[in-house]
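Here are my notes on this model, as numbered points. Have the structure open while you read.

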Amino acid sequence: AWVHGDPRKVIYPTDSYGQFCGQKDTLNENKTILFYFNILKCASPVVLINLQCPTTQLCVSKCPDRFATYIDVQASYRYKPDQWNYFRQFCKPGFNNPRKSVAQVLRDEDCPSMIIPSRPFLKRCFPDFSTKNGVLTVANQTTFKDGRGKTRNVTDLREAANGINNVLDARSVGMKIFEDYAISWYWILIGLFIAMIVSLLFLVLLRFTAGVLFWIFIFGVIGIIGYGIWHCYWEYDHLKGIPGSDLTVYDIGFQTDFRVYLQLRQTWLAFMIMLCVVEVIIILMLIFLRNRIRIAIALLKEGSRAIGYIMSTLFYPIVTFILIAICISYWAVTAVFLATSGEPVYKVMANQTLCKYANLTCDPETFNTTNVTKLCPGAQCTFAFYGGESLYHKYIFIFQLANAFVFLWLVNFAIALGQCTLAGAFASYYWASRKPADIPLWPLFSSFGRAIRYHTGSLAFGALILAIVQLIRVILEYLDHKLKGTQNSFTRFLLCCLKCCFWCLEKFLKFINRNAYIMIAIYGKNFCTSAKEAFFLLMRNVVRVAVLDKVTDFLLFLGKILVAGGVGVLAFFFFTQRIPVFAQEAPTLNYYWVPLLTVIIGSYLVAHGFFSVYAMCVDTLFLCFCEDLERNDGSTAKPYFMSASLHRILGKKELSPKKA
């Protein structure tokens, strides 16, 4: 990839001669935009972006800003030279022969038959479509001359205009979103900082008030969802009787301005029903699991105590984030180089629909010496796309799969390293006879060193198994996408079953790997032995696993939702200028949901980073507890290492004194 790739193929558009637009130290250095001679030949914007539109493509310095036809310009070039000079910049380089017949010019595509007011998008000239009073227009005009003696309506561009207009609408939305980010980025950072402080504060307080805080978590989530239900009902009732509010989403279709949907009663009714379903599910789970939740809270208190002694573990997710960011960067850059490894492929472009040479590959250097131009007058050998027929180019897809596999392997290894490091640190807490006196001085760094020095192979092997399953899932998704629309019912059923099976297998392997890394951190055995011992240990305590582990995960998930929801509600009131104290400080936005969603998602990820450490702590302590019960009996010779409170809560009535 590094030898054959050329990222310029992605950065710069390519004209019909295979030259990059805007590349420095070339003739096109100041011509950064790609112009299409006949945009009508391009059926969809996808064709344009893939550089496969069957018309001449030329690098220009700016897009046309007016309507003009070659016929009119040629007829008036003697007394209106300015118009000719303007039009000529959209002709082939070096063409300056207005005396050449119009038919020959259009046949040879020396110049476009017409130019249309356009705007640059993705470094390409797209017609300046807009809607005026519900009518599609180009530069506020509904008709234009096509350069071949006909006046056409803008609606004649419908096939191309529909797709292009969607892209331009997306561009408009994208620009507005970019503006919103530019205006509100520092407020977004403040929101994420608040989420980090709240997450840290909760984790610190859990050491002392785990029970109280987690019941606050639970009722806080119920309260937030309850407020959401009330707000949806208020909006639903408020819109009653307002003209147009009773329309359905189907009636108005897709709209780029999402605020339109908020004017419909149906939208708020759907939101209210979904929130009610979620609320009922949470309440039912709390009713049936209330006793188990008390046990889980006790285990979390022990986890809080462990984190309190090893506070540095809270910041280890930053290391994992950096490692994964490096993996993603390496994969993305290599993928770009692989994708741009192709050679320029040229194809015959003919104006005549019956030309048998149309769309065949050609060589631009020898094209004029062939008889193609004689059999198909006006045919040209133009750049189509990047590809190749060599052995290397045939296997680029295989190389991309290999690159994806390496990416999955490295990411899983980075996650495994973090899990093993945290497990080692928390295990050193559990197996200390006297806490905190017997805890190592630098437990996190010591555990990280052990993982790197002794367990790299085991972690890599576990990551390899998981990466293979994930790669198979990627291939199945690719096959499903490729075969969509052409497959029969049996094929769809088979693919669906395979995708479901491998999804389940991936979840199972993640569970086994996580506990295997804990056993590796405790005993230092190889991956297979640790995975087997962890699996059978968990099976012997399957009831405790189902109750404590999953209820704990549920409680931690509620904590993440509360942090994200609380910060999200605060951000909602701020960005909608509903907080009187900060009403003047709140920025004026095109879409307030842009920074709002960013804050909510970012807050959830921040909370997830801190709470994932807590989850790993609880899992490690639980596995250590199960191992402690099997290895020791509470006697003087074999005392338990668990704390008295944990021992009392999880089933033993008396705790023998530990050895000093």
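**Notes on the disulfide and the helix packing**

1. With -80° about the S-S bond, the link between cysteine 21 and cysteine 59 is left-handed. Its two sulfurs sit 1.9 Å apart, and a disulfide here is a pair of cysteine sulfur atoms within 2.5 Å. By that rule there are four disulfides. The pair ties together distant parts of the chain, 38 residues apart: cysteine 21 is in the loop between helix H1 (8-11) and strand E1 (33-36), while cysteine 59 belongs to strand E2 (residues 57-60). Helices (H or I, at least four residues) and strands (E, at least two) are DSSP runs, numbered from the N terminus.

2. A word on the ground rules: this is a predicted model, where local features need pLDDT of at least 70, side-chain atom pairs count only at pLDDT 80 or more, and totals for chains, interfaces and linings use all residues. Residues are numbered from 1 along each chain as its sequence is written, and side-chain values use heavy atoms, with hydrogens and water left out.

3. Now to helix H13 (residues 396-430), which packs on helix H14 (residues 443-454) at about 130°, with the axes 8 Å apart. Axes are lines fitted to C-alpha atoms, for helices over the stretch in contact, and angles run from 0 to 180 degrees between N-to-C directions. That angle makes H13 oblique to H14; under 35 degrees counts as roughly parallel, over 145 as roughly antiparallel, 65 to 115 as roughly perpendicular and the rest as oblique.

4. The H13 and H14 contact residues split into nine nonpolar, four polar and one charged. For the classes, Ala, Val, Leu, Ile, Met, Phe, Trp, Tyr, Cys and Pro are nonpolar, Asp, Glu, Lys and Arg are charged, and the others, Gly among them, are polar.

5. H13 also meets helix H16 (residues 489-523): their axes come within 8 Å and cross at roughly 50°, so H13 is oblique to H16. This crossing is right-handed. Ala416, Gln419, Cys420, Ala423, Gly424 and Ala427 of H13 face Arg514, Tyr517, Ile518, Ile520, Ala521 and Ile522 of H16. By class, that gives nine nonpolar, two polar and one charged.

6. H16 has another partner in helix H15 (residues 456-483), at about 165° with axes 10 Å apart, so H15 is roughly antiparallel to H16. H15 passes H16 in a left-handed crossing. Their contact has 17 nonpolar, five polar and six charged residues.

Key
Left-handed = near helix turned anticlockwise from the far one by under 90°. Contact = heavy atoms within 4.5 Å.
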